[in-house]
Amino acid sequence: MGHDHGHDHTHGANKKVLMISFIIITGYMIIEAIGGFITNSLALLSDAGHMLSDSISLGIAILAFTLGEKVANYSKTYGYKRFEILAAVFNGVTLVLIAIYIFYEAFQRFQNPPEVASTGMLIIASIGLFINIFVAWLLMRRGDTEGNLNMRAAFLHVIGDLLGSVGAVTAALLIMFFGWGWADPLASVIVAILVLISGWRVTKESIHVLMEGTPKNVDLDTIITTMENVAGVLSIHDLHVWSITSGQNALSCHAVVDGNISVLESQKILRNIEHELEHKNIGHVTIQIENNDHPHEDSMMCQNNYETNVHEH
């Protein structure tokens, strides 16, 4: 129960921080886009494009948290918490597409560098830099950027944006002092590389969750050993560990016990296993207690290769 309360508290804090960040980022994104057009700077426009993706990602993250709060029903027995992961996939793919577009635009500009109003570019990029630093600090201090994939996606957007602002400031100074027109598309290429990396990472991690992959903070060997070390457990098989959403891991398995033990003793074994797993990042546990007479070969889940490996373990 305490775990759920902690999760709800973090959830509320995440949502509030996202809302503040969304308002700030969206407001400045509009200013930066207008500034980019006026000064003819691709570095500013690519930064504004990234800010737009920030804005969309933060908006979707807020929507994801709001939908995630909807209670479970007969249609969605886990509730809507997976929407957070779908939002993270969307953010990741958006980042990759934005990066590809910036690469294309930069290539055109390297061939024919246009005139850039460097003073205006410097002023707008500098304000953008300070805004991004503030939002990144806000997300890091007040939000769960470590445990929550959706929050991390939003945070990575802002960090990439911050570095984009650094690139735009640097490019503006190089154009002002040395007349290096190519500094503008170069800065946008650096932004694009950062955007591409963060987009790829978020997409990959999100798809891992959607594919019911083993959570990164769970060691299966340790889980098996922990359960088999509980008094009364002979072996474990048909083990599955997955994430419902960021920070909420679930486990299901069959635990083989001595056929002579009573129902009361079985319940005690169950409680002991659940207690041990609480300390191993597993919040939701479903265990089927059975004896050695259970016909494994009749179960489709017991036939897959992984289960054979676990049983041999």
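The model is predicted, so a word on ground rules: local features need pLDDT of at least 70, side-chain atom pairs count only at pLDDT 80 or more, and totals for chains, interfaces and linings use all residues. Residues are numbered from 1 along each chain as its sequence is written, and side-chain values use heavy atoms, with hydrogens and water left out.

Start with two helices. Helices here are DSSP runs of H or I, at least four residues, numbered from the N terminus. H3 spans residues 83-111 and H6 spans residues 183-210. Their axes, lines fitted to C-alpha atoms over the stretch in contact, come within 7 Å and cross at roughly 155°. So H3 is roughly antiparallel to H6; that term takes angles over 145 degrees, on a scale from 0 to 180 between N-to-C directions. What classes of residue make up the contact of H3 with H6? There are 24 nonpolar, six polar and two charged residues. Gly counts as polar in this scheme.

Next, H7, residues 220-228. Its buried residues (under 20% relative accessible area, 1.4 Å probe, protein chains only) are Leu220, Ile223, Ile224, Thr226 and Met227. They cover an arc of only 165° around the axis, so they sit on the same side of H7. The arc is taken from the directions from the helix axis to the C-beta atoms. Asp219 caps the N-terminal end of H7. One of its side-chain oxygens lies 3.0 Å from the backbone nitrogen of Asp221.

Last, Ser165, in helix H5, residues 149-178. Is Ser165 buried or exposed? Ser165 counts as buried, because its relative accessibility is 0%.

Conventions:
Angles under 35 degrees count as roughly parallel, over 145 as roughly antiparallel, 65 to 115 as roughly perpendicular and the rest as oblique. Buried means under 20% relative accessible area, exposed over 50%, partly exposed in between (1.4 Å probe, protein chains only). A polar contact is a pair of N or O atoms within 3.5 Å; within protein, one must be able to donate a hydrogen and the other to accept it, and residues adjacent in sequence count only if both atoms are side-chain atoms.
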